[in-house]
Amino acid sequence: MGKKLAVTGNQAIAEAMRQINPDVCAAYPITPSTEVMQRFASFVANGKVDTELVTVESEHSAMSACIGASAAGGRVMTATSSQGLALMWEMLHIASGMRLPVVMTLVNRALSAPINIHGDHSDGMGARDCGWIQLWSENAQEAYDNLIQAIRIAEHDDVRLPAMVCMDGFIISHSIESMEFLSDDVVKEFIGEFKPKNPLLDVNNPVTYGPLVLPDFFMEFKRQQHEAMLNAKDVVLQVAKEFEKVSGRSYGLFEEYRLDDAEIAIVVLNSAAGTCKDVVDEYRDRGIKVGLLKPRLFRPFPYKEVADALSGAKVIGAYLTGLTPLVVSDQCTWRLPQP
Amino acid sequence: MKGWRELEIGAITEAGSADSYNTGSWRAFRPRWIEENCIQCLFCWIYCPDSAITVKDGKRGEFDYNHCKGCGICAMECPGKKGKKAIVMEEEGK
């Protein structure tokens, strides 16, 4: 087993990126994800990685450079938050449409206005339907583990889609917690060598990326993307199984906490799930059957599996980190019975 | 026609250019070359945004109507001979 260290979430991500050693990283700093690339940039400067680091003038350019590098045939990574992801939005669709397995960490932060550097999920939710796989993480350990697995999932032949690993800004990105790292060799072996598909740098077999596709063929390519998304669910489970062998940590499509006989189920993403587990324990101690479901794979959303897991509950409450105006009606709010 | 199962993912296709497509089909005005007024200055060849002026052995030839979109830049730039243009724009279909 690897080392156990006390680190921030951002440090954990930067360390995962060092171990993954991608060919190209293009990034633009934004709070609270800045520290990821700041730490990674020092790995580049100190020769700890072979990565070509491209410092660009905006997140739109960062994602554009990632797309170019990925199409060229490289393993490509980046990180961003909030407005940064919003500025990437146009290019997110290009990456998924061209089936480029770019892997990005999203350190969740609220979208302006009013400006707030802390973490709600409006950024990630806004990118929900961009054709990217989304893995959400409760803590630094999960973010680290998810990022390493995301490489395998995104690059899998049945998938070939970009993937985003989400973790909460500040609560996780800047808080120090104890976690376990895998050794460099284990990560290297686990992710394997990147096998590019139709790389632009293969000059003997020239290809065109991004041609005009009109209605006669457009839906054929969208169908391919849809099928790849459907495939992703099985691949996520398969990769998780392999990951458990090297790490001893098991992952599924979501985590169930005391959900088996729960009459009241809470569905919550990321760090708030950690707090919720304490609340569940507290209510269980009082004899109230409360349980928790924490989605991990959010895109593609495992509808059937989630529905099955929640089928025993009489009441289901979904907690959103952040409030999307008018999406949640007053009728949907509920209260736990006071013991 | 190929279905989604047969097509290469991501719409990645063979390398090429618009050379193999007829992109001149939506032209509303058509340039006509009047050879007797042409001084072979090749301004039309320089200015054409669609490389639709064919040149052989340093002399211009006929328009490549598969790629000419009828923008009229060549006709505008053409100095002609003794006040007479070597390129004139005419409405398509007339």
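This note goes through selected features of the structure above, point by point.

1. The structure is a predicted model, in which local features need pLDDT of at least 70 and side-chain atom pairs count only at pLDDT 80 or more, while totals for chains, interfaces and linings use all residues. Residues are numbered from 1 along each chain as its sequence is written, chains are lettered from A and ligands numbered from 1 in the order in which they are written, and side-chain values use heavy atoms, with hydrogens and water left out.

2. Helix α6 (residues 140-155) and helix α7 (residues 184-191) of chain A have axes that come within 9 Å and cross at roughly 35°; helices here are DSSP runs of H or I with at least four residues, strands are runs of E with at least two, and both are numbered from the N terminus. The axes themselves are lines fitted to C-alpha atoms, for helices over the stretch in contact, with angles running from 0 to 180 degrees between N-to-C directions. From α6(A), the residues A:Tyr144, A:Ile148, A:Gln149, A:Ile151 and A:Arg152 meet A:Val187, A:Phe190 and A:Ile191 of α7(A), where contact means heavy atoms within 4.5 Å. The residues of this contact divide into 6 nonpolar, 1 polar and 1 charged, with Ala, Val, Leu, Ile, Met, Phe, Trp, Tyr, Cys and Pro counted as nonpolar, Asp, Glu, Lys and Arg as charged, and the others, Gly among them, as polar.

3. Helix α7 of chain A also holds A:Glu189, which counts as exposed at 70% relative accessibility; buried means under 20% relative accessible area, exposed over 50%, and partly exposed in between, using a 1.4 Å probe and protein chains only. The C-alpha atom of A:Glu189 is separated by 10.0 Å from that of A:Val246, although the two residues are 57 residues apart along the chain.

4. Turning to the charged side chains, the count over all chains comes to 25 salt bridges, a salt bridge being a side-chain nitrogen of Lys or Arg within 4 Å of a carboxyl oxygen of Asp or Glu. One of them joins A:Lys294 and A:Glu138, with an N to O distance of 2.7 Å. Because A:Lys294 lies in strand β12 (residues 290-295) of chain A and A:Glu138 in the loop between β6 (133-137) and α6 of chain A, the pair ties together parts that are 156 residues apart in sequence. Both A:Lys294 and A:Glu138 are buried, and they belong to a network of salt bridges that links A:Glu138, A:Glu142, A:Glu255, A:Lys277 and A:Lys294.

5. Another salt bridge, between A:Asp308 and A:Lys304, has an N to O distance of 3.0 Å. These two residues both lie in helix α10 (residues 303-310) of chain A, 4 residues apart, about one turn of the helix. A:Asp308 is partly exposed, with a relative accessible area of 44%, whereas A:Lys304 is exposed, at 56%.

6. In chain B, a salt bridge is formed by B:Lys69 and B:Asp50, whose closest N and O atoms are 2.9 Å apart. This pair links distant parts of the chain, with B:Lys69 in the loop between β4 (59-63) and α2 (73-77) of chain B and B:Asp50 in the loop between α1 and β3 (53-56) of chain B, 19 residues apart. B:Lys69 is partly exposed, with a relative accessible area of 26%, and B:Asp50 counts as partly exposed at 30%.

7. Two residues of chain A illustrate buried positions. A:Gly9, in helix α1 (residues 9-20) of chain A, counts as buried at 0% relative accessibility, and its C-alpha atom is separated by 7.2 Å from that of A:Asn139, 130 residues apart along the chain. A:Ser33, in the loop between β2 (24-27) and α2 (34-45) of chain A, counts as buried at 2%.

8. The backbone of chain A also deserves a look. The peptide bond from A:Ala113 to A:Pro114 is cis, with omega near -5°, and the one from A:Arg299 to A:Pro300 is cis as well, with omega near 0°. A:Asn198 has a phi near 50°, a positive value in a residue other than glycine, and A:Arg258 has a positive phi of about 50° although it is not a glycine.
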